[in-house]
Amino acid sequence: MKLYNTRTRENTEFKPLNPGKVGIYVCGATVQSFPHIGHVRSGINFDILRRWLTASGYDVTFIRNVTDIDDKIIEKAKAENMPWWALAFKYEQEFAKAYALLNVLPPTYEPRATGHITQMIDLMQLLIDKGAAYAPGNGDVYLSVRSLDSYLTLSRQKLDDLLPANDADETFKKDVRDFALWKAAKPGEPSWPTPWGEGRPGWHLECSAMAHSYLGESFDIHGGGLDLIFPHHENEIAQSEAAGYGFANIWMHNAWVTQSGEKMSKSLGNTMQVKELVKQFRGIELRFYLGSAHYRSMVEFSPEALQEAATNFQRIENFLIRAKEIVGDYEGVISAPIKAAFDDDLAVPQVLAHISDALRRGNTAITDGAKDAIKASAAEIRGALAILGCDPFDSSFASGGQDLSEALDGVIKLALAQRAAARERKDFAASDAIRDGLAALGISIEDTPQGQRWSIK
Ligand SMILES: [Zn+2]
């Protein structure tokens, strides 16, 4: 299998560090807003990678972290008037819901940054001992970037060309291009004790410490969105390699979802939220759309393109259902051309072309009544769709575009309206039947002067 390594800028034959096993670390969300489709594309792309490696016989350990402490989380928590940890948990759950709606498999482990402060302190101590980091005494800790040979080898920039990302608070730096591993506490902000003073972690340090905790000093694949190459991944490499770790063998980056050529951002955001889009499209259709481009190609979002993808998916799905009616149950298989396409740096557009061919053959076979050919086409399509996470017979998609509790409330109100109408026309048998039917489901009704009220027993 070949994968494109951003660090070497070439397709390389994938060889796991430990035979039969693959360790993957993907940067997860900073949980401070409802997820939009730009946020979840990385989840889908790396889920396809994981499914393909698993189908290829590897035992995959897949880590996707949650960044639950960050400037934006602290600001947003103030704006929403809630504790920072409550805000982070709220949006962590929203991301979990979106991933479930899109059939993104849960990671093997999903570490939260704030649960790994001890590991971050250990890593900083190691870096200070090695002379690669320094604590100027105000509570900050910085990485000394000029002490490293490999700095900027991922983004291929020159250190002196870098604009100093100088924060007004970071006046204690020895070099303007050094970056903060740890930030001194500010009044009213969350902080943790360290040997160098109270403070909170820098974003980059979190990922190095968590990747090391779960995958060891060296692991196979590190992934994330294109925008993370610099500074985030560059700084993860700097910290980890300065600590003496081999760190990630292959770096993979998914491209963005764009709108009018611009990276999708929160300001463009609300209508692109997963929770809104799944009111119009099924999760499986949205996933098919977002997963159908090559992971290194931009997806230019338009409602028309999404609608077209949904229609294409329905055409494929209808064939698979029709095939099942004709030939009975069948399992998915991975055909040789589809294997070759996935093995070529996850060439999903080629996979889709093979699916189209199989669909054409399958529909012809239906016309001809050729059962074996119907089954062969359907099995090939189903096998490929399973890797794309879009098998229509897969029951693991979370249901529905809307909140289930809202739907339940609506259904019960409908039943109560029917019961009220029955009583109105003095059809007590019908009214009692509705009440008893609901009671059997654990839902009790109380008649109050304000009308009927329901509760779950
Ligand atoms: Zn990260």
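## The nonpolar core

The largest nonpolar core of this predicted model contains 125 residues, and Ile37, Leu49, Ile221, Phe342 and Leu385 have the most contacts inside it. A nonpolar core here is a set of buried Ala, Val, Leu, Ile, Met, Phe, Trp, Tyr and Cys residues joined through side-chain atoms within 4.5 Å. Buried means under 20% relative accessible area, exposed over 50%, and partly exposed in between (1.4 Å probe, protein chains only).

Let's look at Ile37. Leaving aside neighbours within four places in sequence, Ile37 is in contact (heavy atoms within 4.5 Å) with Val257, Met264, Met272, Val274, Leu277, Leu286, Leu290 and Phe301. Apart from this core lies another, of 6 residues, including Ile412 and Ile445.

## The zinc site

Cys27 (SG), Cys207 (SG), His232 (NE2) and Glu236 (OE) coordinate the zinc ion at 2.0 to 2.8 Å. Donors are N, O and S atoms within 2.8 Å of the metal (3.2 Å for Na, K and Ca); water is not among the atoms, so sites may look incomplete. Along the sequence, the donor residues follow the spacing C-x179-C-x24-H-x3-E. Cys27 sits in the loop between strand 3 (21–26) and helix 1 (37–55), and Cys207 in helix 5 (residues 203–215), so the pair ties together parts 180 residues apart in sequence. Helices (H or I, at least four residues) and strands (E, at least two) are DSSP runs, numbered from the N terminus.

Both cysteines count as buried: Cys27 because its relative accessibility is 8%, and Cys207 because its value is 0%.

## About the model

Residues are numbered from 1 along each chain as its sequence is written, and side-chain values use heavy atoms, with hydrogens and water left out. Local features need pLDDT of at least 70 and side-chain atom pairs count only at pLDDT 80 or more, while totals for chains, interfaces and linings use all residues.
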